[in-house]
Every structure is written in structure tokens, then in C-alpha cells.
Amino acid sequence: MISVIICSADNGRIEKVKANIAATIGVPYEILVITNAKELGGICKGYNTGAAEAAYDILCFVHDDVTFLTPEWGARTAAHFAQQEALGLIGLAGSRYKSAAISGWATGQPAFDCCNIFQAGKSGAPQRVYLHPAGQPDNLVSVRTLDGVWLCMRKTVWQQYPFDEEKLPGFHFYDLDISLRVSQHYMTGVVFDIDLLHDSMGSFGEAWINHAIHFHRHINQVPLPALAPGAAGEAAVATAEKKVTSYWLNRLMKEPISEAVRCRWILAAGAWKQPGRWADVGKLLLYPIKKTLERRS
């Protein structure tokens, strides 16, 4: 039995996802929709409000712009928790490594990143983003971070580690924060036997960057870098930090970010201090100029 909690003020999306859940979940369930999360202060307060009202032992926090593709996905979710007593939290995307470097959940490294999400693009058929580290179990891989599009946890675990509504207002980094905290004490994993279509590509613009800097400097209390059990040795960690910085420099190049915010991220990330990183830094700063010149030519 599952309590599904959604923060949304979009009636069209709410009705669509409700119908999809009813057709696919396959177990007794309830849906709790929090329509005023913005007025409450953000998604953390919204999710905590719904979880406090939930009747069932498994809580499912999910975005309003998804479509479940797997029949009986609720039964599969419940089975994961039944089979793993130590399991506290699961999702559909995350990483076995969280850098000390400022970043989202992804590292850009196949040895760490996990994902099983169908992503709807601006045109064409949805594309499956499938990342599964070699040598890991087929259906559940232990991780330290999770993406927030779909998070399921035991209610008893949420009661110990609720979303941090005091420190994390707004709608960013709630997922990184709760997965880092929970994974210190409970097994946290990405599951690969549930397919979901996400209609959004995500936003990594100026608001995300400002939240990223604030989270890493002032909010996070988990020692970083953080590794899932058996994820890597010291040598891999030494190179991982540089690779994460490069990955996010390249990823943020194409986002609609002002020069001032680009500079702020570069300074906060310390990328300019790393040998061999000046070329990447230059790309990030000059990319908007390059695109402007291309449009004018």
C-alpha cells in the first residue's frame, strides 16, 4: 500500500497523472496533492505536509509531469522494500559518488551514475536514459544521491529524516539533501525494474546555480566526497573530483546563464584553481558570445 504525494497547482497535470497512477500502480493507494507548496515556502514543506497526512507505510514523492509505463509498478516498489530490510529510500536516477565539488547528482562517470528514465525531448520520440555501472545488481544499485522526479521511502525513515523545510526553501536540492542524509544510515538505491516517462528536461539555469552554491557552502552537513559501499578506491576518488568539475563546466555551457552567474559558479567551484582547467573555464565564459556571433552570421 502506497501513499503518493504530489506538489502541483496545475489541474490538467494533476488529473492526467492521477489517471495514469490509477491505471498502473496495481496496489491499494492514496494520492495526496499539495496545491499550495509555493505559498508554504517550497517543495520540502509541501512534501512534509503530505507525508504527515499519509495513511500508508510507503511514501512516493513524484513530480506532476510523469507517466508510469510499467504495469504493477506499486507492487514492484513494495517488493523492493520487503526484500531489503535495510532499504530506506529508492529512486530512478542517482549516483554512487557525490563530489565535494559543486554539482548536481550526476558525475558524468559510468562507474558511478545510475539512471532508468524515458526523457521527453522537444521533438521526436522519447529517449531512454539508461546508465548502469558494470558489475552491479540488475534491479537495484546502491547509491548516495538521487534525483527527485520519483522518490519512494518508508514512512518510518521519513519520520527520522524529513525534508529540510527550514534550510531548503524553494524547489531545488531537496532531493540531493534527503538522499545524502538518508544514505548515511539506510541503504539507498536506484531501481531498474520501473519505467517512467518524464516530460521535462530539468532546469539548470541561474536559480539552480544559486541554490547549488548555497547548498554546498551552507546547508549540506554530510562529509564529502561521499561514496556508496564498494563504489571506488582512493585512486578513483582523486580523479573523480576533477572529472565532476569538467562535466558540470561543459554541461552548464549551454544553459541560459548570465555572464555574472557563470563567473560566480566558476569562482565558487574553484575550477579556475585546477591545473588544466583554464580551457574549460574559457569555454564556459565565451560560449554565449560564440552563440551570439553564430546567430548573427
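Is Asp 10 buried, partly exposed or exposed, and what is its relative accessible area? Asp 10 is partly exposed, with a relative accessible area of 34%. Here buried means under 20% relative accessible area, exposed over 50%, and partly exposed in between (1.4 Å probe, protein chains only).

This is a predicted model: local features need pLDDT of at least 70, side-chain atom pairs count only at pLDDT 80 or more, and totals for chains, interfaces and linings use all residues. Residues are numbered from 1 along each chain as its sequence is written, and side-chain values use heavy atoms, with hydrogens and water left out.

**Salt bridges**

The structure holds 4 salt bridges. The criterion is a side-chain nitrogen of Lys or Arg within 4 Å of a carboxyl oxygen of Asp or Glu. Three of these pairs are tabulated, including their N to O distances.

| Pair | N to O distance |
|---|---|
| Asp 10 and Arg 13 | 3.9 Å |
| Lys 45 and Glu 165 | 3.3 Å |
| Arg 181 and Asp 177 | 3.0 Å |

Lys 45 lies in helix H3 (residues 43–53), and Glu 165 in the loop between helix H5 (155–160) and helix H6 (174–183), so the pair ties together parts that are 120 residues apart in sequence. Helices are DSSP runs (H or I, at least four residues), numbered from the N terminus. Lys 45 is partly exposed at 30% relative accessible area. Glu 165 is also partly exposed, at 27%.

Arg 181 and Asp 177 both sit in helix H6, 4 residues apart, about one turn of the helix. An α-helix has 3.6 residues a turn, so residues three or four places apart point the same way. Arg 181 is buried at 19% relative accessibility. Asp 177 is buried too, at 4%. Elsewhere, salt bridges that share partners join Asp 10, Arg 13 and Asp 64 into one network. Within it, Arg 13 is partly exposed at 39%.

**Cysteines**

A disulfide needs a pair of cysteine sulfur atoms within 2.5 Å. The count is 0 disulfides. Cys 60 is buried, at 0% relative accessibility. The sulfur of Cys 7 is 9.2 Å from its closest cysteine sulfur, in Cys 44, again too far. Cys 7 is buried at 17%.

**Helix H9**

Helix H9 spans residues 259–269. Its buried residues include Val 261, Arg 262, Trp 265, Ile 266 and Ala 269. They cover an arc of only 140° around the axis, which puts them on the same side of H9. The arc is that of the directions from the helix axis to the C-beta atoms. Ala 260 and Leu 267 are exposed on the other side.

Conventions: Helix = DSSP H or I, 4+ residues; strand = E, 2+ residues; numbered from the N terminus.
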